[in-house]
Amino acid sequence: MAKYIIEKSGPLRGTVEISGAKNAVLPILAATLLTDEPCEIMDVPALSDVEVMVKLLESIGSRVSWDYRNKIITVESGKSLRNEAPRELVSLMRGSIFAMGPLLARTGRAKFPLPGGCAIGARPVDLHKKGFEALKAVVEMGDDYMEARARELIGGHVYLDFPSVGATENIMMAATLASGTTVIENAAEEPEITDLAVFLNKMGAKGKGAGSATIRVEGVESLHGTKHTVIPDRIETGSFMLAAAITRGDLLLTNVVPGHVSAVMSKLSECGVVFEENDEGLRVRADVNPLVATDIKTMPYPGFPTDLQSQFMSLLTVVRGHSTVTETIFEGRFKHIGELNRMGADIRIEDRKAEVEGGQPLRGARIRATDLRAGVALVLAALTAEGETEISDIHFVERGYEEFTQKMTKIGANIRRVED
Ligand code: EPZ
């Protein structure tokens, strides 16, 4: 297994080009199952999660070619598609379940192993099931699989008890080929939902309202191939903003949509970080004001994103002042706190709330990444810690960050990737 060796670094300075969004490209790749014509996806990040989705499409019967150098994936899902997804792939990545809706809509049957829980929570799929049933599919739940069947999907109305990103995406994709109109109430509003909706409409779908709480999809007979460039990764953008902040650095981020990260920019501004938008990109200056603590509470978009909670907490451990971090999305997303405390942080957990006494000098330690975003949170903490830090299980980080050590090294981080 590989690990990172990190020495105290910074201030980080220079330019970082943000990659295409992992959480946009995964559902968009799944959506290519909705047509037998070729689809070309551009600005695809080279990530292990994308590799898993490509393998999943191939196991179902799609023909996929991936031009790594030019970041282009072409998918052609012919007429003979298999209806079942292999367990070994679904267990690697929960996002595999995004392929269930398109496969059901295209073939009338989809059987997927239940993706199971992970470090951040139970990750149930009841809202996906509720959505398929609203489209008149019959859904059978085994103890480790979900199977949906429908000779024909019929447009229906579904209220999501929680604005689930995956459930919104799955239902929206399945609804494109249903007969009649589907309405999704209390839908998730993340930018990745809007990007998927743009892709689907370019394929000939008739969707409206993506990015708001109510999405309407008028079903059509069939969809055709198209080309699409995915949006930049707003979570990677926030991660490098926090890398600048924690090292009191000055970074220029290119290929950024500032509107997708306004909650993070607001909270970092409260801490004293200064932002400057220019025609090259978004400049992040953490060397202007002394940084102070602030409180954060994760919420569905456009609120503060849960995927940046652990990374923001790393910043709060080193800036002076008391702060509170409340995680409302995933019940198990505090596993990084034990590792940060081993580096000298002073964080106490009370249910979904963490109390952080900031300003503690961190010291290097041997720690491990517990999930994708927690891994980056530990890297950020290690950049400011005295001495050497060793982070194991970094395969998590490589699921979601393209050329992570290269991008970090280029702006002055002392980080090395070594095989165990
Ligand atoms: C997506 O996961 C993202 N993954 C996650 O990013 C992100 O943290 C999450 O949305 C929230 O923004 C991808 O897009 C591939 P949810 P998803 O369904 O769709 C509950 C990362 O680091 N829920 O919005 O699985 C669930 O338990 C990853 O890139 C149900 O109760 O998240 C959770 O509490 C991590 N029933 C809440 O909704 C359901 O049927 C949010 O989950 C589905 C979800």
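Lysine 8 has a relative accessibility of 42% and is therefore classed as partly exposed, where buried denotes under 20% relative accessible area, exposed over 50%, and partly exposed the range in between (1.4 Å probe, protein chains only). The model is a predicted one, in which local features require pLDDT of at least 70 and side-chain atom pairs count only at pLDDT 80 or more, whereas totals for chains, interfaces and linings use all residues. Residues are numbered from 1 along each chain as its sequence is written, and side-chain values use heavy atoms, with hydrogens and water left out.

The side chain of lysine 8 meets that of glutamate 386 in a salt bridge, with an N to O distance of 3.2 Å; a salt bridge is here a side-chain nitrogen of Lys or Arg within 4 Å of a carboxyl oxygen of Asp or Glu. Because lysine 8 belongs to the loop between strand 1 (2-7) and strand 2 (13-17), and glutamate 386 to the loop between helix 12 and strand 22 (389-392), the pair ties together parts that are 378 residues apart in sequence. Helices (H or I, at least four residues) and strands (E, at least two) are DSSP runs, numbered from the N terminus. Glutamate 386 is likewise partly exposed, its relative accessible area being 48%.

In total, the structure holds 29 salt bridges. In one of them, glutamate 192 and arginine 234 meet at 2.8 Å, N to O; as the former lies in helix 7 (residues 191-202) and the latter in helix 8 (residues 234-246), this pair ties together parts that are 42 residues apart in sequence. Glutamate 192 is buried at 5% relative accessibility, and arginine 234 is buried at 10%. A further salt bridge joins arginine 285 to aspartate 250, with 3.6 Å between the closest N and O atoms. This pair connects strand 16 (residues 281-285), which holds arginine 285, with strand 14 (residues 250-254), which holds aspartate 250, across a separation of 35 residues. Arginine 285 is partly exposed at 21% relative accessible area, whereas aspartate 250 is buried at 12%. Both residues take part in a network of salt bridges that also links Glu276, Arg283 and Asp287.

The domain assignment divides the chain into domain 1 (2-19 + 232-419) and domain 2 (22-229), with bounds that come from an automatic or database assignment. The C-alpha centres of the two domains lie 30 Å apart, and 24 residues of domain 1 are in contact with 23 residues of domain 2, contact meaning heavy atoms within 4.5 Å. The area buried between the domains is about 1800 Å², of which carbon and sulfur atoms give 51%; buried area is the accessible area (1.4 Å probe) that two parts lose on being put together, summed over both. Tyr301, Arg399 and Glu402 supply 34% of the area that domain 1 buries against domain 2, more than any other three residues.

Three salt bridges are found across the interface of domain 1 and domain 2. The side chains of arginine 399 and aspartate 49 also meet in a salt bridge, at 2.8 Å, N to O. On the side of domain 1 that touches domain 2, the elements that give two or more residues are helix 12 (372-384) and helix 13 (395-400), and the largest share, three residues, comes from helix 13.

Within helix 1 (residues 22-31), nine of the ten residues are buried, so this helix is largely enclosed by the rest of the structure. The buried residues include Lys22, Pro27 and Ala31.
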